[in-house]
Amino acid sequence: MTADPAAGLPEAVLRPVRGHHAFEACVERLATAIRLGVYPLGSVLPPERELATRLQVSRATLREAMAALRQAGLVETTRGRGGGTVVTLKPRTPSGRAAARISPERRADWLDSLDFRRVIEPGAAALAAGLPLAEPARAQLQQALDEVTSARRPADHRQADSRFHLTIAALTGSPRMVESVTSAQATLHEMLLAIPVLHTNIAHSDRQHAAVVRAILAGRPERARAAMEEHCDDTAALLRGLVG
């Protein structure tokens, strides 16, 4: 195994995590440090205690993030005397291998779509929250949320998730809004297929969906916008980390 990375780089790259949901940001920080060579192939990551302190997250959150990196094939962990977490960069899951095959052009397009989504979907949520929604529309939104939270298989959850976001767009009554959210969701679906299914992120996502719905049904546009922005930011952090 190679020696530790150059002193100073980890401190510069692994900055403290901010925000309500540290898991996604923690994955992004660590995956970015690995991809940029701060921790080169074959190097051993610092102990969990040190990483958790540096990122200012709990040990439990750090362990969840490390599990995500293992599923993505970025690291391997061995237990016992002389064990540790080693950078491998060898995707072992179908999603990890798919992500490794993405062309630079396609990767750039995907990352651009995350910025596009960050503008469009919070705007759709705010617009829907500012409208006097009739009871059938309110019931439709609640049903879309229920379908996401009740989905058990990953494929079913992804589709229900997309329908939820498209439902919000449809409530605005704007064909252009529906078209834009459809485009954002189609690209997002491709990206999610290229990363492992992470149940911690799904749990966060479901709670954020519920917060968006509460704000829309309460007629609070700015709260709906902020809740959707938080949701988009967390998803983007995870995807930027694991897709690159």
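Predicted model: local features only at pLDDT ≥ 70, side-chain atom pairs only at ≥ 80, totals over all residues.
Residues are numbered from 1 along each chain as its sequence is written, and side-chain values use heavy atoms, with hydrogens and water left out. Local features need pLDDT of at least 70 and side-chain atom pairs count only at pLDDT 80 or more, while totals for chains, interfaces and linings use all residues.

Start with the inside. A nonpolar core here is a set of buried Ala, Val, Leu, Ile, Met, Phe, Trp, Tyr and Cys residues joined through side-chain atoms within 4.5 Å. Buried stands for under 20% relative accessible area, exposed for over 50%, and partly exposed for what lies in between (1.4 Å probe, protein chains only). The largest such core has 40 residues, and those with the most contacts inside it are Leu 30, Tyr 39, Leu 62, Leu 69 and Leu 242. Helices H2 (22-35), H3 (48-55), H4 (59-71), H6 (104-129), H9 (175-193) and H11 (221-243) each give two or more residues to this core. Helices (H or I, at least four residues) are DSSP runs, numbered from the N terminus. H2 puts in the largest share, nine residues. Leu 69 touches Val 27, Leu 30, Ala 31, Ile 34, Leu 74, Val 75 and Leu 242, leaving aside its neighbours within four places in sequence; contact means heavy atoms within 4.5 Å. There is also a second, separate core of 28 residues, with Leu 133, Leu 141, Leu 145 and Ala 210 among them.

Now for the helix pairs. Two packed helices are described by the angle between their axes and the distance between the axes. Axes are lines fitted to C-alpha atoms, for helices over the stretch in contact, and angles run from 0 to 180 degrees between N-to-C directions. Angles under 35 degrees count as roughly parallel, over 145 as roughly antiparallel, 65 to 115 as roughly perpendicular and the rest as oblique. A crossing is left-handed if the near helix is turned anticlockwise from the far one by less than a right angle, and right-handed if clockwise.

H6 takes part in two of the pairs described here, one with H9 and one with H11. The axes of H6 and H9 come within 9 Å and cross at roughly 135°, so the two helices are oblique to each other. The crossing of H6 with H9 is left-handed. On the H6 side the contact includes Arg 106, Trp 110, Arg 117 and Glu 121, and on the H9 side it includes Met 177, Ala 184, Gln 185 and Met 191. By class, this contact has eleven nonpolar, five polar and four charged residues. For these counts, Ala, Val, Leu, Ile, Met, Phe, Trp, Tyr, Cys and Pro are nonpolar, Asp, Glu, Lys and Arg are charged, and the others, Gly among them, are polar.

With H11, the H6 axis comes within 7 Å and the crossing angle is roughly 165°. That makes H6 roughly antiparallel to H11. This crossing is right-handed, and the contact has 14 nonpolar, three polar and nine charged residues.

H7 (residues 135-150) and H8 have axes that come within 8 Å and cross at roughly 160°, so H7 and H8 are roughly antiparallel to each other. H7 passes H8 in a left-handed crossing. Among the residues making the contact are Leu 141 and Leu 145 of H7 and Asp 161 and Phe 164 of H8. The class count for H7 with H8 is nine nonpolar, three polar and three charged residues.

Two glutamines come next. Gln 159 sits in H8 (residues 154-171) and is partly exposed, at 48% relative accessibility. Gln 185, in H9, is buried, with a relative accessible area of 4%. Setting aside neighbours within four places in sequence, Gln 185 contacts Arg 117, Glu 121, Asp 161, Ser 162 and His 165.

Finally, two loop residues. Gln 56, in the loop between H3 and H4, has a positive phi of about 60° although it is not a glycine. At 51% relative accessibility, Gln 56 counts as exposed. Pro 16 lies in the loop between H1 (9-13) and H2 and is partly exposed at 23%. Beyond its neighbours within four places in sequence, Pro 16 is in contact with Arg 29, Arg 54, Leu 55 and Gln 56.
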